[in-house]
Amino acid sequence: MADKQYRVKVYSLNEDQQWDDLGTGHISSSYVKHLQGTYLLVRSDSHDALILESKINSNTPYQKQQETLIVWSEAENYGLALSFQDTEGCHKIWEDICRVQGKDPSVEITQDLLEEFENEQLDEVLETNNVFELPNCELGKLEEISDFVTSVLTSPIRKERLALILENEDYIKNLLQLFHTCEDLRDTTGLHHLYEIIKGILFLNKTALLEIMFSAECIMDVVGCLEYDPALAQPKRHREFLTQNARFKEVVPITDRELRQKIHQTYRVQYIHDILLPAPSMYEENFLSTLTTFIFLNKVEIVSMLQDDANFLSEVFAQLRDETTDDDRRRELLFFFKEFCAFSQTLQPPSKDALFKTLTELGILPVLKIVMSMEDLQIRSAATDIFTYLVEYSPPMIREFIMEEAQESEDGNLFINLVIEQIMCDTDPELGGAVHLMGLLRTLLDPENMLATSSKCERSEFLNFFYKHCIHNFIAPLIVTTSEDISQLLSLILELLTFCVQHHTYYIKNYILSKDLLRRVLILLNSKHTFLILCALRFMRRMIGLKDELYNCYIIKGNLFEPVVNALLGNGTRYNMLNSAVIELFEYIRVENIKSLVAHIVEKFYKTLESIEYVQTFKGLKIKYEQEKDRQSQIRKNLHSILYSKILCRGTRVVEKKEEKCSKGNSEEGETKKTKENEDKVDPPKGFLFLVYG
């Protein structure tokens, strides 16, 4: 074994899969008698303490790397590494390990390979001891600088060291000076190298570097460097676009110079992120996270600064309310406000609460009511987007405004009815706007986000209001016969009505029963559009799924299974979604044994459906029906038997009491004639005789 001690640095792999430096000392390998094994022992240089005591096990995989490194794992997620000062020490210890394990010292590994990532991480730690020097910022060394920056991107530790160097020196500014030199000299090769260098510095993912590069002094030069992508035949003129085409529009004058600069910077950085930088690969997906955060924080700061300006937002709302404001001006104001609301999504909850409270006080919803009723599609679209932000932020706030408006309105022109009208009048063939607004309406009608306090119940108040003032407008296309093909719209209406059946059980039930709504819906089973037929079936299925006897009685009384049965028969032998939906409806009734519906279906439609044998659903319904009939018959028999026994016992007791009374009367002496006559008139037990013989 190695008697001579060699200098070595010890590393261990921590829980975060990072290598920790345990210290430097001298290593020896020796047999420890009381531990009965050969151990690697490392004693510290500084305090002579034992840094490492590791037994050389016969089945432990050891690996020798780079002539000065030995790595192994003693347990899961616990790796050890020895970095030797010289190759002689590494070879001697490696020979001792191989001798214990019975291996040839010429091999590089004694057992299975270690995890590759552990080795790579250790390499990075060891590299910190190597010379790390950035080439001088000179025109003739641009290629060397480019190669150097690109090479460090694969090593987190090297990235940190490079970022630290760039932060503490004017290296970036000097590079940008070289950019101007290359442009003046038309040095295309140098410009291509600068593109790679600047992109690599951005990929270092350091906020301090971004602040330098995106300063007012440097940002346009950074954009210039990123124009010269080597993959492009000709450079793009991004600086020309940002300075000449992309014009800053102030819908309301911004007097704060710092705010103006922040807006300019954010727009340009967003442009760099979205347009100039290539989409990162799966290996680079986190390289731009700091850039994304930089943009995010800028937006937060812009919103906060605008919110703190007492006059700015007031002026915006004043112009939006002003009837003399022309459409072009109003459109620009709305576009600005839409972007402002988008930026506000980056705020923390307390700041967002304060902002939306301010917007409510300024009258955001009355303004939206005005602009959403305009003819200009762009204005309506922008207003709808702003309305979306408000609904997503606070549905109760919107409902409160709607309720207050209803109390104050005299003409009945309500905001929520305006939203419904926008849904019904969407001119888009794909109904994109209607689908979007339907989602917002669903959010407003969702009881899950309705508040209930000791003073009021928002759910009952708002739903009472909706079913009294709005539902008739919403279902109008279902009621009114029209030749126009509005199948897509009808499907949207049915989807929301189905949601209401599930969540507004009491309110929608009253409306369905009073308006005979299901009959109207089932007319759509005659549609040529299968998706619309399925929507109608889903609506009925949801009603039946509630197992509400009021719904069941309504369906039975109205004979509303007839159009469903006709649709199934009309579908013939085709196995499609319509067939599956109808079969599932009847199967659900069978499985859940909804007795009233089972009896109705069997008595009314079994003869029509008994020929369908590819499923056992209808035979199963008949079996359920017969079982229920037998059960009811048995119950009646049992009740009759019990009732008969009780009545017979009662009658017998009455007769016995009468006979006892008569016997007692006959035995008395000195009984008068009148008493005897009365005894002869004793009535028979009426209840007994009537029930048993009558």
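Two strands are taken to pair if DSSP finds at least two bridges between them, and with that in mind I would like to start at the strands of this model, which is a predicted one.

Strand β2, residues 19-32, and strand β3, residues 37-44, run antiparallel and are joined by 8 bridges. Within that pairing, V32 stands opposite G37 in β3. The two strands β2 and β3 form a hairpin, with 4 residues between them, and in the turn you will find Q36, whose phi is positive, at about 55 degrees. On the other pairing of β2, strand β1, which covers residues 6-13, also pairs with β2 in the antiparallel sense, again over 8 bridges, and here V8 is the residue that stands opposite G25 in β2.

Let me move on to the helices.

The next pair is helix α15, residues 364-372, and helix α16, residues 377-393, which pack at an angle of about 150 degrees with their axes 9 Å apart. The crossing in which α15 passes α16 is left-handed. The contact is made by I364, L365, L368, V371 and M372 of α15, together with I379, R380, A383, T384, I386, F387 and L390 of α16, and by class it has 10 nonpolar, 1 polar and 1 charged residues.

The remaining pair on my list is helix α18, residues 415-424, with helix α19, residues 432-445, where the packing angle is about 150 degrees and the axes are 8 Å apart. Here α18 passes α19 in a left-handed crossing. From α18 the residues I416, V419, I420, Q422 and I423 meet A434, L437, M438 and L441 in α19, and the residues of this contact divide into 8 nonpolar, 1 polar and no charged.

Finally, a word on charged side chains. How many salt bridges does the count come to? The count comes to 20 salt bridges, and one of them is formed where the side chains of R239 and E227 meet, at 2.9 Å from N to O. R239 lies in helix α9, residues 238-245, whereas E227 lies in the loop between α8, residues 219-225, and α9, so the pair ties together parts that are 12 residues apart in sequence.

How values were computed:
Residues are numbered from 1 along each chain as its sequence is written. This is a predicted model: local features need pLDDT of at least 70, side-chain atom pairs count only at pLDDT 80 or more; totals for chains, interfaces and linings use all residues. Side-chain values use heavy atoms; hydrogens and water are left out. Axes are lines fitted to C-alpha atoms, for helices over the stretch in contact, and angles run from 0 to 180 degrees between N-to-C directions. A crossing is left-handed if the near helix is turned anticlockwise from the far one by less than a right angle, and right-handed if clockwise. Contact means heavy atoms within 4.5 Å. Ala, Val, Leu, Ile, Met, Phe, Trp, Tyr, Cys and Pro count as nonpolar, Asp, Glu, Lys and Arg as charged, and the others, Gly among them, as polar. A salt bridge is a side-chain nitrogen of Lys or Arg within 4 Å of a carboxyl oxygen of Asp or Glu.
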